[in-house]
Amino acid sequence: SYNYLGWRNTHPIFSDKMVRRAMTHMVRREDFRDKLLFGFAEIVTGPFYRYGADYDSSIVPWEYNPERAIELLTDAGWSDTDDDGILDKDSLVFKFEMMIPSISTFAEQATSVLREDLFMIGIEMSIRRLEWSVFINNYIRNHNFDACYLGWALGLRGDPKQIWHTVSGHGRGSNHVQFSNALADSIIEAGRMEFDAEKRIAMYRRFQAILHEEQPYTFMLSEMRKPAYDSRFKGVKWYPFRPGYQFDEWFVPKDEQKH
């Protein structure tokens, strides 16, 4: 699983990958990991299982760097032409709404920090908190938002088509941010037909590199869990997918049973 900040790629502001990358440079992922999650998380750069073969761990996350963000925004044509403290470009003003589910304390904390940081470089972000069913059904699945905080819980081996292919950005498809890239589409389609594992891994790593360049999401964190169990239980195994255990494998030796 991982969480992310999603920038709707068809939005007038976020249609430019330079802007999306600038936004990623404004996110304090290291601080969120260390201070909000007490270090029990890892920053991720793509949609595959962090320790799986498809994930390219050689890709280095974009760092928190406001100076670089300002450079990218300037190169993309954003500046404060009317001296009101907010960036603008042509007829656009850099103001947007971040939607978050009200049940997430982490989303509340992280986006509040982001709002303050963005304001310091001339971007006005408001935060809208919504009850989960309204958030997901009325807005996210209808692609009716500027930006959002959300996450995915996926299998160990994934098919990216549902979340990343252009066709999944229509209707109520799971490509909520409406990312569209012809090369990415072709890789997704080819990967579904490739039976050679090594070739498919190479394809998916190329796909991850495209996402890293395009930044349709700011990939955030994959949280780590520290489960606990009574030492009387034997046969305990932990697995990397949810919920992380199979209780029918656990047992208590006869001489230690209490019931």
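The questions below go from the whole chain to single residues.

Reader: How many helices and strands does the protein have?
Author: The model is a predicted one. Its C-alpha atoms fill a box of roughly 80 × 40 × 35 Å along the principal axes. The count of secondary-structure elements in the protein is eight helices and nine strands.

Reader: What share of the contacts with a separation of 6 or more comes from residues 24 or more positions apart?
Author: The protein has 259 residues, and buried residues make up 46% of them. Among contacts with a separation of 6 or more, the share from residues 24 or more positions apart is 67%.

Reader: How far apart do the centres of the positive and negative side chains lie?
Author: The protein carries 32 positive side chains and 38 negative ones.

Reader: Which residue does glutamate 214 meet in a salt bridge?
Author: Glutamate 214 lies in helix α8, residues 197-214. Leaving aside neighbours within four places in sequence, glutamate 214 is in contact with Lys17, Arg20, Phe179 and Asn181. The structure holds 13 salt bridges. In one of them, with N to O at 3.0 Å, the side chain that meets glutamate 214 is that of arginine 20.

Reader: How many residues apart are glutamate 214 and arginine 20, the pair in that salt bridge?
Author: The salt bridge joins the side chains of glutamate 214 and arginine 20. The pair links distant parts of the chain, with glutamate 214 in helix α8 and arginine 20 in helix α1 (residues 17-25), and the separation is 194 residues.

Reader: Is glutamate 214 buried or exposed, and which value decides it?
Author: The cut-off for buried is under 20% relative accessible area. Arginine 20, the salt-bridge partner, is buried at 3%. Glutamate 214 counts as buried because its relative accessibility is 17%.

Reader: Which residue is linked with Lys17 and Arg21 in a network of salt bridges?
Author: Salt bridges here join side chains into a network as well as into pairs. Lys17 and Arg21 are members of this network.

Reader: How far apart are the N and O atoms where the side chains of arginine 192 and aspartate 159 meet?
Author: The side chains of arginine 192 and aspartate 159 form a salt bridge, N to O, at 2.7 Å. This pair links distant parts of the chain, 33 residues apart: arginine 192 is in helix α7 (residues 182-193), and aspartate 159 is in the loop between β7 (147-152) and α6 (161-164). Arginine 192 is partly exposed at 46%, and aspartate 159 is partly exposed at 36%. The N to O distance asked for is 2.7 Å.

Reader: Which residue forms a salt bridge with arginine 115?
Author: Arginine 115 is partly exposed, with a relative accessible area of 29%. In its salt bridge the closest N and O atoms are 3.7 Å apart, and the partner is glutamate 116.

Reader: Which residues make the nonpolar surface patch of about 430 Å²?
Author: Phenylalanine 247 is found in the segment after β9 (221-223), and it is exposed at 53% relative accessible area. Tyrosine 245 also has its place in the segment after β9 and is partly exposed at 31%. The patch is made by Tyr229, Trp238, Tyr245 and Phe247.

Reader: Which residues does tyrosine 245 touch, not counting those up to four places away in sequence?
Author: The C-alpha atom of tyrosine 245 is 9.9 Å from that of proline 227, 18 residues away along the chain. With residues up to four places away left out, tyrosine 245 touches Lys237, Trp238, Tyr239 and Trp250.

Reader: What is the phi of histidine 143?
Author: Most residues other than glycine have a negative phi. Histidine 143 lies in the loop between α5 (132-140) and β7 and is buried, with a relative accessible area of 8%. Although histidine 143 is not a glycine, its phi is positive, at about 55 degrees.

Reader: Where does aspartate 83 lie?
Author: Aspartate 83 has a positive phi near 55 degrees. Aspartate 83 counts as exposed because its relative accessibility is 69%, over the 50% cut-off. Its place is the loop between α3 (66-75) and β3 (88-89).

Definitions and conventions. Residues numbered from 1 in each chain as written. Predicted model: local features only at pLDDT ≥ 70, side-chain atom pairs only at ≥ 80, totals over all residues. Heavy atoms only, no water. Helix = DSSP H or I, 4+ residues; strand = E, 2+ residues; numbered from the N terminus. Buried < 20%, exposed > 50% of the residue type's maximum accessible area, 1.4 Å probe, protein only. Contact = heavy atoms within 4.5 Å. Lys, Arg positive; Asp, Glu negative; His and termini not counted. Charge placed at Lys NZ, Arg CZ, Asp CG, Glu CD. Patch = residues over 30% accessible without salt bridge, like charges linked within 9 Å, V, L, I, M, F, W, Y side chains within 5 Å. Areas by Shrake-Rupley, 256 points an atom, 1.4 Å probe, with all protein chains shown as cover. Salt bridge = Lys/Arg side-chain N within 4 Å of Asp/Glu carboxyl O.
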